[in-house]
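Please look over the sequence and the structure shown below before reading on.

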Amino acid sequence: MLSRRDGSALVHSTQNLPLHGSAGWPAPQRELEAKGTRLGLDRHVLAHLGRSYGSEAKAILSLIDGDASLGVRLVEDLPYIRAEVLYACRQEMAMTPYDVLARRTSLTLEDHQRGLGVLDEVAALMAKEHLWTPEQECAMVDDFRDAMQQLIAAEALAEAAVIREHIT
């Protein structure tokens, strides 16, 4: 580290800065839970929204307030919901399904299908949001599918190498 090399004190300029969405958290958390419960969201989804977005989760609840179908989970056993796709597009500059499934959520890591099972649904939501042509939507789906298939193949090779190492 440079501070050690130079003999200077280690300064953490952001140490006391609150993360975006965390200011005054206990009050927004109660509001999030109350409104989310009214909208039919379960406690696991609400806990996820609070951890991931803090007070910004209100914007996601507003999307669901306007369209209840956006409160539906993308994957049954994970807390990610359809509204997060729109939020990622509108607020976090998500431009591709990979942006949403790997970078804005952890679906590619947590979902046993690596997000491939919800790819078409996510792409359709994004296509409507970004005004993609059917050809653009298809290309985005193909790009994500190719990336995940390459990742799965690489992991299989690595796993096979580990197994071979243990056998010999």
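**A cysteine and its helix**

Cys-89 lies in helix H5, where a helix is a DSSP run of H or I of at least four residues, a strand is a run of E of at least two, and the elements are numbered from the N terminus. This is a predicted model, in which local features need pLDDT of at least 70 and side-chain atom pairs count only at pLDDT 80 or more, while totals for chains, interfaces and linings use all residues. Residues are numbered from 1 along each chain as its sequence is written, and side-chain values use heavy atoms, with hydrogens and water left out.

At 9% relative accessibility, Cys-89 counts as buried; buried means under 20% relative accessible area, exposed means over 50%, and partly exposed is what lies in between, with a 1.4 Å probe and protein chains only. If residues up to four places away in sequence are not counted, Cys-89 touches Ala-94, Met-126, Glu-129 and His-130, a contact being heavy atoms within 4.5 Å. Asp-99 is ten residues from Cys-89 along the chain, and the C-alpha atoms of the two are separated by 9.1 Å.

How many of the ten residues of helix H5 are buried? Eight of them are, so helix H5 (residues 82–91) is largely enclosed by the rest of the structure. The buried residues are Arg-82, Ala-83, Glu-84, Val-85, Leu-86, Tyr-87, Ala-88 and Cys-89. What covers them includes helix H3 (43–53), helix H4 (57–66), helix H6 (97–104) and helix H8 (119–130). After H5 comes Met-93, whose phi is positive, near 60°.

**Charged pairs**

Side chains of opposite charge can pair when their charged atoms come close. The structure holds seven salt bridges, each being a side-chain nitrogen of Lys or Arg within 4 Å of a carboxyl oxygen of Asp or Glu.

One of them joins Arg-82 and Glu-121, whose closest N and O atoms are 2.6 Å apart. Because Arg-82 lies in helix H5 and Glu-121 in helix H8, this pair ties together parts that are 39 residues apart in sequence. Arg-82 is buried, with a relative accessible area of 16%, whereas Glu-121 is partly exposed at 26%.

Another salt bridge is formed by the side chains of Arg-90 and Glu-129, at 2.6 Å from N to O. Here Arg-90 lies in helix H5 and Glu-129 in helix H8, so this pair, too, ties together parts that are 39 residues apart in sequence. Arg-90 counts as partly exposed at 45% relative accessibility, and Glu-129 is partly exposed with a relative accessible area of 26%.

A further salt bridge brings together the side chains of Glu-155 and Arg-114, at 2.6 Å from N to O. This pair links distant parts of the chain, with Glu-155 in helix H9 (residues 134–167) and Arg-114 in the loop between helix H7 (107–110) and H8, 41 residues apart. Glu-155 is partly exposed, with a relative accessible area of 33%, while Arg-114 counts as buried at 17%.

**The whole chain**

The chain has nine helices and zero strands. Of its 168 residues, 34% are buried. Among the contacts with a separation of 6 or more, 57% are between residues 24 or more positions apart. The chain exposes about 10,700 Å², of which carbon and sulfur atoms supply 54%; accessible areas come from the Shrake-Rupley method with a 1.4 Å probe, and for residues only the protein chains shown count as cover.
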